[in-house]
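This report describes one protein chain for a reader who is new to structures. Please look at the model below before reading on.

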Amino acid sequence: MTLRRAVPLSVLDLAPVPAGATAIEALARSTELARRAEAWGFRRYWVAEHHNMPGIASSSPAVLLAHLAAATRTMRVGSGGVMLPNHAPLVVAEQFGTLASLHPGRIDLGLGRAPGTDPATASALRRSAAGLSADDFPEQLGLLLAFLEGDLPADHPYARIQAVPRAPEPPAIWLLGSSGYSAQVAGMLGLPFAFAHHFSPANTLPALELYRSRFRPSEILQEPYALVGAAVVCADTDEEARWLHGSMRLSMLQLRTGRPGPLPSPEDAAAYAYTPDEERIIEAATGS
């Protein structure tokens, strides 16, 4: 006899802008999807930070989350994620402290160490031309956590600075990743970990194993707790699902080859003639 345990389901939304549509329409669809996801019993609704991508309208997670949280009542909402290299930790602490004060007990703060865009756009997002390296991420993460908790050491240069408002219940922190780096950091800090299986399928199991093996209990978690982001297509038949999936496959190819644009229609995707090299790019990126 096989015992099955129900797995909580959540939604990761990029607010996709289909070909021929506008960001206004895309964001309206995201709002309606959030309402329906709550009614259907989904656990969380996350939005992702991307920049300079005409097909994605979720460039400002904190702004979008304020709207989505106001449009729902009980479901947790959060970032999947905020790309920490693009923001000063104090700014993130203030934004999500505000969200957690407006919607107590409902805010998640998922954090990534990638810029979520191309190098030129990443440079334009920052006040300094210098980008953060992987070695900077733990320090910036530690500073953000200290601002959220209000517990900077007395001898720290920022000890007298407060992130206002500071919510009685801070946002729940998650680390996001598509490789082993964030898995190790999440494990060593005793934080929840979310893995991007939808664009790094080959690394999923190794990263989760690394997270579990490096996990140290903390005040937040006593044992490992992980989430996996997967691209799922639902339809009445397998044939229709494969047809709908064509949009994502062509969109991923355009992104990986430096040609991001609006989300292609299933009709355009079905008519596209893929080269063998392009098929290999898609297989590596999506596992399908």
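Strand β1 and strand β2 (residues 44–47) pair in the parallel sense over three bridges. Two strands count as paired if DSSP finds at least two bridges between them. Helices (H or I, at least four residues) and strands (E, at least two) are DSSP runs, numbered from the N terminus. Within this pair, Leu 12 stands opposite Trp 46 in β2.

The model is predicted, so local features need pLDDT of at least 70 and side-chain atom pairs count only at pLDDT 80 or more, while totals for chains, interfaces and linings use all residues. Residues are numbered from 1 along each chain as its sequence is written, and side-chain values use heavy atoms, with hydrogens and water left out.

## The whole sheet

In what order do the strands of the open sheet stand? The order is β1-β2-β3-β4-β5-β6-β7, seven strands with parallel pairing. In general, strands of a sheet pair through backbone hydrogen bonds, either parallel or antiparallel.

The edges are held by β1 (11–13) and β7 (226–228). Each of these has a single partner strand, so one side of each is left without a neighbour in the sheet. On average, neighbouring strands of this sheet are turned by 25° against each other, direction ignored. Axes here are lines fitted to C-alpha atoms, for helices over the stretch in contact, and angles run from 0 to 180 degrees between N-to-C directions.

Strand β5 (residues 172–177) has five of its six residues buried, so it is largely enclosed by the rest of the structure. Buried means under 20% relative accessible area, exposed over 50%, and partly exposed in between (1.4 Å probe, protein chains only).

Strand β4 (residues 107–112) pairs with β5 in the parallel sense over four bridges. There, Leu 111 has Leu 175 of β5 as its bridge partner. Strand β6 (residues 193–195) also pairs with β5 in the parallel sense, over three bridges. In β6, Phe 193 is the bridge partner of Leu 175. Between β5 and β6 the chain passes through helix α6 (residues 180–189), and this β-α-β crossover is right-handed. That term applies if, with the strands pointing away from the viewer, the path from the first strand over the helix to the second runs clockwise.

## Helices on the sheet

Helix α1 (residues 23–39) lies across β1 and β2 and runs at about 160° to β2. Helix α3 (residues 89–102) lies across β3 (76–83) and β4, at about 155° to β4.

Ala 34 belongs to helix α1. Is Ala 34 buried or exposed? Its relative accessibility is 0%, so Ala 34 counts as buried. Apart from neighbours within four places in sequence, Ala 34 is in contact (heavy atoms within 4.5 Å) with Tyr 45, Leu 68, Thr 72 and Met 75.

## Two packed helices

Helix α8 (residues 238–256) packs against helix α10 (residues 276–286) at an angle of about 100°, with the axes 9 Å apart. The two are therefore roughly perpendicular to each other. Angles under 35 degrees count as roughly parallel, over 145 as roughly antiparallel, 65 to 115 as roughly perpendicular and the rest as oblique. Residues making the contact include Met 248 and Leu 253 of α8, and Ile 281 and Ala 285 of α10.

His 51 is in the loop between β2 and α2 (61–71). His 51 is buried, with a relative accessible area of 10%. Its side chain makes a polar contact of 2.6 Å with the side chain of Glu 49. A polar contact is a pair of N or O atoms within 3.5 Å; within protein, one must be able to donate a hydrogen and the other to accept it, and residues adjacent in sequence count only if both atoms are side-chain atoms. Beyond neighbours within four places in sequence, the contacts of His 51 include Ser 59, Asn 86 and Thr 121.

Asn 52 lies in the loop between β2 and α2. Asn 52 is exposed, with a relative accessible area of 54%. Its phi is near 60°, a positive value in a residue other than glycine.
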